[in-house]
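Biologist: I am new to this structure and would like a close look at one part. Could you take me through the place where the two chains meet, and then whatever lies beside that?

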Amino acid sequence: MANTNSYLLKVDDLKTWFPVRKGLMRKTVGYVKAVNGVSFAIKGGETLGLVGESGCGKTTVARSIVRLVPATAGEVIFEGTDVLSADKKRLRQIRKDISIIFQDPYGSLNPRMTVGDIIGEPLKVQKGIRGSELDQQVAMLLSKVGLAPEYINRYPHEFSGGQRQRIGVARALALRPKLVICDEPVSALDVSIQSQILNLLKDLQDEFGLTYLFIAHDLAVVEFFCDVVAVMYMGRIVEQADSQELYHNPLHPYTKALMSAIPEVDPKLRGKRQRLSGEVPSIMNPPPGCPFHPRCPLAEKVCEAVEQKLEEINGKRHLVACWKSREH
Amino acid sequence: MGDNGKLLSVENISTHFFTEDGVAQAVQDVSFSIKNGKTFALVGESGCGKSVTALSIMRLIAGPQGKIVSGKIVFDGKNLLDLKEKQMRNIRGNKIAMIFQEPMTSLNPVYTVGNQIVEAIRLHQKKGHEQAWADTVEMLHKVGIPDPERRVSEYPHQMSGGMRQRVMIAMAVSCQPKLLIADEPTTALDVTIQAQILDLLDKLQEQNGMSILLITHDLGVVAERADDVAVMYASRIVEVAESKFLFEKPLHPYTQGLLRSLPRLGISAKRLQTIAGTVPDPLHFPTGCKFHPRCPIGNSDKRCQSIEPGLRQVCDGRCVACWYAPGYKTEQEKKNTN
């Protein structure tokens with residue numbers, strides 16, 4: 001890529017709030033602050049991982065970036081233009097450059113369309129390609145993702161989960177996007193298939209110079225796949241660092257607990273882990289101060305009162321939003 | 001009581017589904033045994049037959065298409081397959097209880113959680129409503145539901161996924177079962193909640209001394225919790241071992257491939273190792289060893305392509321079904337060496 005050192009996507013203080021309406025007049029009584037002040041940036045050709053438990057807002061971040069849900073405030077700068085304020089014409093162009101791979105390979109493919117129609121649709125709509133040229137391009141995409149070009153006239157139900165996800169990948173690549181948002185692309189797949197898809201995504205990144213925003217809940221997968229990892233909790237990023245640095249030196253108590261909760265494939269490590277008590281609080285009425293304080297083993301008075309901003313701590317691109325982890 | 005401290009032994013069970021497109025052999029010749037007070041894990045990818053094995057033990061295979069065609073399931077000295085339906089109903093939910101993957105769909109949305117647990121208790125124990133209700137509140141307290149007196153009158157939709165799974169567990173252990181079958185109990189939950197639920201199962205096992213049959217696709221969960229493991233592939237068990245041995249030195253190429261294809265924290269690699277191909281369709285299984293088309297040894301080996309290896313003991317308590325596993329010998333070969 002020409003400009004590998006500059007940022008392809010920059011998200012600045014993104015907020016996506018959903019109004020909660022009640023009563024006869026549908027008056028807005030409050031907001032679900034699904035994304036509440038998220039900032040990050042991805043360099044061209046790099047992969048940024050967004051991890052967190054269900055409901056932490058990672059998918060809403062993805063959807064806000066391509067304006068599938070309207071953002072409440074903030075900026076999303078893609079190649080120098082603000083996506084959130086772009087007009088229709090510009091937005092259409094931007095959507096050519098950003099595509100999404102979805103989690104559920106069963107729900108995200110229209111069962112009444114053939115594989116050729118599914119993969120060819122973006123080419124038809126965006127580029128007006130028809131006829132034999134379209135077939136040719138679809139066949140090329142199929143072989144790129146490891147499927148036989150003869151499958152072009154088959155329907156999604158004739159494929160296994162892993163093959164369907166390959167179809168989803170081919171569709172996402174059809175327009176030669178610059179940024180691909182992968183929303184839990186492997187969490188619905190079996191272990192032996194998961195590794196195939198992850199390798200495929202890596203190969204395609206090398207071949208086409210793709211930039212990925214990779215959303216997942218599995219820290220081990222993210223650590224393998226991503227250059228930079230951001231950990232989300234209740235609509236905010238609580239820690240962000242290069243993936244090796246984050247793994248070897250996690251600072252936020254939530255990140256530590258999340259890592260500790262992953263069952264390791266090694267019976268020798270049994271019982272050596274830190275537990276989190278309680279559950280994720282309701283996002284309808286988040287706790288004051290640091291949203292993690294009710295579950296945090298280190299929480300003090302100050303955590304209940306003041307929310308921490310994400311700040312760099314050691315000059316190694318390592319950002320964390322916690323008082324306690326900054327002390328040492 | 002069962003012999004040698006065994007609570008349950010499954011012997012050569014085969015369960016088939018007779019569909020319009022042919023016979024799906026969902027479980028073939030599966031044998032294993034669970035010791036008293038221990039956790040036995042059945043691990044495998046989706047469609048390998050692990051859930052059907054569990055349902056076969058509970059005799060919950062839906063007829064007329066589904067049928068247990070052969071084998072024995074000996075629980076507490078009795079073959080469950082010989083019991084009348086009424087006798088079986090006495091065991092189900094009482095001595096053998098089950099929790100399912102989806103805490104959303106396995107609770108009835110129109111009854112309070114209290115009512116559902118009381119129903120289970122009163123079905124199997126001679127207790128009045130009030131006594132059963134009091135027991136229910138205590139059970140909910142035991143499984144770590146805060147404020148159980150209030151929560152007992154709530155409906156499932158008022159609870160989070162983790163809480164619902166706790167309710168399911170409370171219901172399952174309310175009759176002090178000897179065996180708890182947990183079918184992917186934490187798959188639908190977040191990792192931090194998963195850890196809590198697995199801890200809870202450990203605690204209950206310690207208190208009640210029950211055995212657990214843990215069905216999962218997550219090798220990490222197996223490594224953390226199980227005493228013994230059986231790995232299933234395409235309807236058959238391909239390897240059985242104590243879990244510490246299995247993870248130290250997997251013998252079957254499928255188990256080896258699975259362990260290698262997992263991304264692991266702290267071990268950086270440019271690419272993941274994979275198992276080529278996909279799981280075969282149960283209506284069209286390959287001939288010979290079912291893993292041979294995906295196996296680095298078997299895909300070019302005549303014997304693997306034509307003859308299916310049975311599960312055989314190879315050393316101290318380890319069984320494997322692979323012609324090339326170290327120590328794997330046919331009866332004939334054993335005789336010759338003796």
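Modeller: Happy to! Please keep in mind that this is a predicted model. Where the two chains meet, 39 residues of chain B are in contact with 35 residues of chain A. On chain B, the elements that give two or more residues to this side are helix 7 (191-208), helix 8 (219-225), helix 9 (243-248) and helix 10 (253-260). Helix 7 of chain B gives the most, with 7 residues. By residue type, the side of chain B that touches chain A divides into 15 nonpolar, 16 polar and 8 charged.

Tyr247(A) sits in helix 8 of chain A, which covers residues 243-248. Tyr247(A) counts as buried because 20 other C-beta atoms lie within 10 Å, and the cut-off for buried is 20 or more. Leaving aside neighbours within four places in sequence, Tyr247(A) is in contact with Glu223(A), and also with Leu265(B) and Gly266(B) of chain B.

Back in chain B, there are two domains: domain 1 (3-233) and domain 2 (251-337). Their centres, taken over C-alpha atoms, are separated by 29 Å. The contact between them takes 10 residues from domain 1 and 11 residues from domain 2. On the domain 1 side, strand 2 (22-35) and strand 9 (228-233) of chain B each give two or more residues, and the largest share, 4 residues, comes from strand 2. That side of domain 1 divides into 5 nonpolar, 3 polar and 2 charged residues.

Technical notes. Residues numbered from 1 in each chain as written. Chains lettered and ligands numbered in written order. Predicted model: local features only at pLDDT ≥ 70, side-chain atom pairs only at ≥ 80, totals over all residues. Contact = placed C-beta atoms within 7 Å. Nonpolar A, V, L, I, M, F, W, Y, C, P; charged D, E, K, R; others polar. Buried ≥ 20, exposed ≤ 12 C-beta atoms within 10 Å, placed from the backbone. Domains from an automatic or database assignment.
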